[in-house]
Amino acid sequence: MNRGITQKQYLGLVPPTEEDARSSQMRILDALKEKGITASFTLPALQKLYPICDEADYNITVSLAWNGSIWQVVDLEAGDTAAEHYGYAADLGSTTVVVRLVNCSDGWRHLHCSLKNFAKRQELRRRMFSQWSYPATQR
């Protein structure tokens, strides 16, 4: 199944008990493994881990990013926010820049913005005029 390069997964975890004293990190990794996802944690996600798990009573959403070989937990949120998964797509063309805000859950485009790429135009002018300003013997 192709999941793209990012995804969000809601996890309703069981809080630690005397019988099950696994760390919050292991609880999340085990729950992801049950969903067929092998993952690791980034440092910023680890730093948010314990406060979020305690505040949300272990009902959390993890944001995952594909790094080319494994899924990485890059963020954690309290509650079920899996449906709120947005990204943007940008096309930097030679004359136009187009940006779209996309709901990654269903592919719906929320916003679309298009504008002229003035930086590219300025670069083109600079190159054209710099060619004309040099005498032929200095080229």
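# Close-up views

Five salt bridges are counted in this structure, a salt bridge being a side-chain nitrogen of Lys or Arg within 4 Å of a carboxyl oxygen of Asp or Glu. The model is predicted, so local features need pLDDT of at least 70 and side-chain atom pairs pLDDT 80 or more, while totals for chains, interfaces and linings use all residues. Residues are numbered from 1 along each chain as its sequence is written, and side-chain values use heavy atoms, without hydrogens or water.

**View 1. The whole chain, to get your bearings.** Three helices and seven strands make up the secondary structure of the protein chain; these are DSSP runs numbered from the N terminus (helices H or I, at least four residues; strands E, at least two). If you trace the chain along its sequence, the pattern reads β-α-β-α-β-β-β-β-β-α. Of the 139 residues, 26% are buried (buried is under 20% relative accessible area, exposed over 50%, partly exposed in between; 1.4 Å probe, protein chains only). Among contacts between residues at least 6 apart in sequence, 47% join residues at least 24 apart, where contact means heavy atoms within 4.5 Å. The accessible surface comes to about 9600 Å², and carbon and sulfur atoms account for 55% of that area (Shrake-Rupley method, 1.4 Å probe; for residues, only the protein chains shown count as cover).

View 2. Arginine 22 in turn reaches aspartate 30, and their side chains meet in a salt bridge of 2.6 Å, N to O. Through these shared partners, Asp20, Arg22, Arg27 and Asp30 are joined into one network. Which side of the buried or exposed scale does each member fall on? Arginine 27 is buried, because its relative accessible area is 3%. Aspartate 20 counts as partly exposed at 24%, as does arginine 22 at 33%, and aspartate 30 is also partly exposed, at 26%. Side chains of opposite charge can pair when their charged atoms come close.

**View 3. Helix α1 and what covers it.** The buried residues of α1 are Ser24, Arg27, Ile28, Leu29, Ala31 and Leu32. Their cover includes β1 (6–12), β2, α2, β3 and β4. Beyond the helix you will find glycine 36, which follows α1 and has a positive phi, near 85°.

**View 4. Inside the largest nonpolar core.** This core holds 21 residues, and Ile28, Leu32, Ile60, Val62, Val73 and Leu76 touch the most other members (a core is a set of buried Ala, Val, Leu, Ile, Met, Phe, Trp, Tyr and Cys residues joined through side-chain atoms within 4.5 Å). Two or more residues come from each of α1 (24–34), β2 (39–41), α2 (43–55), β3 (59–66) and β4 (71–78). Zoom in on valine 62: setting aside neighbours within four places in sequence, its contacts are Gln7, Lys8, Gln9, Leu11, Ile28, Leu32, Val73, Asp75 and Leu76.

**View 5. Asn59 beside Tyr10.** Asparagine 59 sits in strand β3 and is partly exposed, because its relative accessible area is 27%. Although asparagine 59 and tyrosine 10 are 49 residues apart along the chain, their C-alpha atoms are separated by 7.6 Å. Their side chains make a polar contact at 3.1 Å (a pair of N or O atoms within 3.5 Å; within protein, one must be able to donate a hydrogen and the other to accept it, and residues adjacent in sequence count only if both atoms are side-chain atoms). Not counting residues up to four places away in sequence, asparagine 59 touches Tyr10, Leu11, Gly12, Leu13, Glu77, Ala78 and Gly79.

View 6. Tyr86, Tyr88, Val99, Leu101 and Leu111 make a nonpolar surface patch of about 520 Å². The elements giving two or more residues to this patch are β5 (86–92) and β6 (96–103). Patch residues have over 30% relative accessible area and no salt bridge, with like charges joined within 9 Å and nonpolar side chains (Val, Leu, Ile, Met, Phe, Trp, Tyr) within 5 Å. Tyrosine 86 belongs to strand β5 and counts as partly exposed because its relative accessibility is 44%.

**View 7. Ser94 in the loop between β5 and β6.** Look for serine 94 in the loop that joins β5 and β6. Serine 94 is exposed, because its relative accessible area is 53%.
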